[in-house]
Amino acid sequence: IRDLIATVHETLEKQKVVRHGGKDFDAVGFYASSEKIAFCVLLVRKGILLDRKKFVFFTPFSSCDELITAFLLQYYGTVLDIPPTIYIPNPLQEREAFSLIPANIVSPQKGEKAKMVALAEHNAEEWLEAQKEPENEETLLQRLGEKLSLMQPPHWIECVDISNLQGEEAVGSLVCFSGKKPLKNRYRKFKIRLTEGPNDYAMMVEVLSRRFKRALIAASEEEKQKWSLPDLLLVDGGKGQLQIALRVLADLGLHSLPVVAIAKAKEGEEADKIFIPGRKNPLSFRSDSPELLYLMRIRDEAHRFAITYHRRLRAFRALATW
C-alpha cells in the first residue's frame, strides 16, 4: 500500500510539471456548441500546473473574438492572481479592450505553449460534452437499428454466452434487455448436456437450439409469452459464433430473426468488434459510441450471469467430492 501511494504521488507530480523554465502563465481554451460554451483556464506557476478552472455558459455571441473577449474581461476582472502572460487560442483584433488586464495576451502558434492551449481546449470540450442530456432511449435504439441495418429498432434484445473450464461444468446463459432495462424474469440458464470437452461452437449450437425450439413448440399462451422471440439476438464471439447462430436459426426456420456477434477487443485494439451477416469485416464504432457501449453492457451482463452459474456448479461438485 505504501509503494502504491508513493507511485500515485509520483505520477501526479509528473502530470503537474510543465517544462516552461519555471514561468508563471495561464493557458485559456474554449469549446462552443450551438447553445453553450465551455472555458478552461490552466494555471501554471513556476512551471507547475497547479489548477484547472472550468466555466460553462449559455452564449449569445457569434464570433470567436466576442467569446474570448467577454470571458477574459469577466474572469480577469475579478481574480487577484493574474500572471504576466495569458495564452489564448486565437489572436484578438480589439487589443485596446484589454488595457485593464495587467498581462501580455498571446496566441502561440507552436511549441509547448501551444500544446498547453490545446490541452485547455480539450478539457473545455470534455466538460461541455459532460453537460449534454443523457441520450434518449428511443433515439439510442433507433440509431442502433440503423447502424446494424435492421428493419426496426431492437427494443427487445437477448444475448447468449458460454462459460466452461476446459469443457467441465459447461453452462450457457441468456439475458434479456428491454431498452436499457434488464428483464431478469426472462434470464435463462442452460447446463450443457450434449457436448463433451472444450467445444464452444457445439455448446452454442446446443444452447441456441434449446432456447428457440422452446419458442416453436410452445402450446399455451403462457408458454408462447415466456419464450417469445426477441427483436435482436446478440451472441458473444466473432464471425465463427455468428455463423453458428445463423445456421441454428436457419435449421429452425427462423431466417428473419436478426442476429449479430460481439467480439471483445484484443490487446492493442481500441474497441470491441461487431459482426453482422453478409459483411466480412466488423462494423466501425467509436470506442465511446453509445450504441457500442450499450451492446457491450448487454454482453457483459450475459457473461456475468454465465460465470456466476458456472462457479456455482463447480462449488457444488467440489462439495460433493470432498
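Modeller: The structure holds 12 salt bridges. This is a predicted model, in which local features need pLDDT of at least 70 and side-chain atom pairs count only at pLDDT 80 or more, while totals for chains, interfaces and linings use all residues. Residues are numbered from 1 along each chain as its sequence is written, and side-chain values use heavy atoms, with hydrogens and water left out.

Biologist: What makes Arg45 and Asp26 a salt bridge?

Modeller: The term asks for a side-chain nitrogen of Lys or Arg within 4 Å of a carboxyl oxygen of Asp or Glu. In Arg45 and Asp26 the closest N and O atoms are 2.9 Å apart, so the pair meets that definition. Arg45 lies in strand S2 and Asp26 in strand S1 (residues 25–32), so the bridge ties together parts that are 19 residues apart in sequence. Strands here are DSSP runs of E with at least two residues, helices are runs of H or I with at least four, and both are numbered from the N terminus. Asp26 and Arg45 also belong to a network of salt bridges with Asp81.

Biologist: Why is the contact of Arg186 with Glu158 called a salt bridge too?

Modeller: Their N to O distance is 3.6 Å, which is within 4 Å, so the label applies. Arg186 lies in the loop between strand S8 (181–182) and strand S9 (188–191), and Glu158 in strand S6, so this pair ties together parts that are 28 residues apart in sequence.

Biologist: How do you know whether Glu158 is buried or exposed?

Modeller: Buried means under 20% relative accessible area, exposed means over 50%, and partly exposed is in between (1.4 Å probe, protein chains only). Glu158 has 1%, so it is buried. Arg186, at 8%, counts as buried as well.

Biologist: Why is Lys46 called exposed?

Modeller: Its relative accessible area is 68%, which is over 50%, so Lys46 is exposed. Lys46 sits in the loop between strand S2 (36–45) and strand S3 (48–58). Its phi is positive, about 55°, although it is not a glycine.

Biologist: What makes Ser149 exposed?

Modeller: Ser149 has 59% relative accessibility, so it passes the cut-off. Ser149 is found in the loop between helix H4 (137–147) and strand S6 (156–165), and its phi is near 60°, a positive value in a residue other than glycine.

Biologist: How do you know that Val117 is buried?

Modeller: Val117 has 5% relative accessibility, so it counts as buried. Val117 is in helix H3 (residues 111–130). Its C-alpha atom is 5.9 Å from that of Val28, 89 residues apart along the chain.

Biologist: What is expected for the span of helix H5 (residues 200–217)?

Modeller: The expected span is 1.5 Å times one less than the number of residues. Helix H5 has 18 residues and reaches 26 Å from its first C-alpha to its last, close to the 26 Å expected. Its buried residues include Met203, Val207, Leu208 and Phe212.
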